[in-house]
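Please open the model in your viewer and keep the sequence panel beside it. The stops below are given in the order in which they may be selected.

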Amino acid sequence: MRILVVEDEPTLCTQLAQAIEAAGHTVETAADGATARYLGEVEDFDAVVLDLGLPVVDGLSVLRHWRALGRSMPVLILTARSAWHEKVTGMDAGADDYLAKPFHMEELLARLRALLRRLSPHSSADWQCGSIRLDTRQATVSVDGQPLALTSHEFKLLSLLMQRVGEVLSRTELSEHLYPQDSERDSNTIEVFVGRLRKKLPPGSIETVRGLGYRLLPVEGAA
């Protein structure tokens, strides 16, 4: 999944980005409200971790702006403000969840997983598609119960395909979810990753829809 982390404290921002990336996601970061507001307008994110006390433009204003534009990605507010009325204000502004600082990283990741499940046909942290099982908590994959070794990009690609089982995803869309905004995005490399995944998954798991992209199908049997 593609996650936007908006946090102006450099050390915490780095820690958040590293933890979320280790969980198998692609992360973009912003250190001020103006940058975050722009990124939320022009880029598609699966979820946002948003600090309220931001320079330039505060987090609540950024969130209200996104919602006014119809941007519906789940937003987890992260802030040092713990008063109940500030929590209510944030939720009324369009936040989906709220976590006060200081916090445990595992709790943040669990709340983020819960938000992402709202976008997914999967009702738990364990995703199943045929004989493929993906554990979003441990960032592990198995086929017929046997652990599957995947690279970071392969895992991210499979995660997106499993989140939207049966849907056709274009190379461009997959590329945008695999690479940060400031990196060079080459949709042709998606073919390479798909080819590698096909060698590790049960035959027929990933279908090519000519001219449109790829989709994941439930297939039984070992790879």
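Begin by selecting Leu197 which, once neighbours within four places in sequence are set aside, is in contact (heavy atoms within 4.5 Å) with Leu150, Glu154, Leu157, Leu158 and Ile206. Leu197 lies in helix α8, residues 188–200, where helices (H or I, at least four residues) and strands (E, at least two) are DSSP runs numbered from the N terminus. Leu197 is buried, with a relative accessible area of 0%; buried means under 20% relative accessible area, exposed over 50%, and partly exposed in between, for a 1.4 Å probe and protein chains only.

This is a predicted model, in which local features need pLDDT of at least 70 and side-chain atom pairs count only at pLDDT 80 or more, while totals for chains, interfaces and linings use all residues. Residues are numbered from 1 along each chain as its sequence is written, and side-chain values use heavy atoms, with hydrogens and water left out.

Next, select Gln128, whose C-alpha atom is separated by 16 Å from that of Leu197, 69 residues apart along the chain. Gln128 belongs, with Asp126, to the uncovered face of strand β6 (residues 126–129), whereas Trp127 and Cys129 form the covered face.

Finally, compare the cysteines Cys129, buried at 3% relative accessible area, and Cys13, buried at 10%. The structure holds 0 disulfides (pairs of cysteine sulfur atoms within 2.5 Å).
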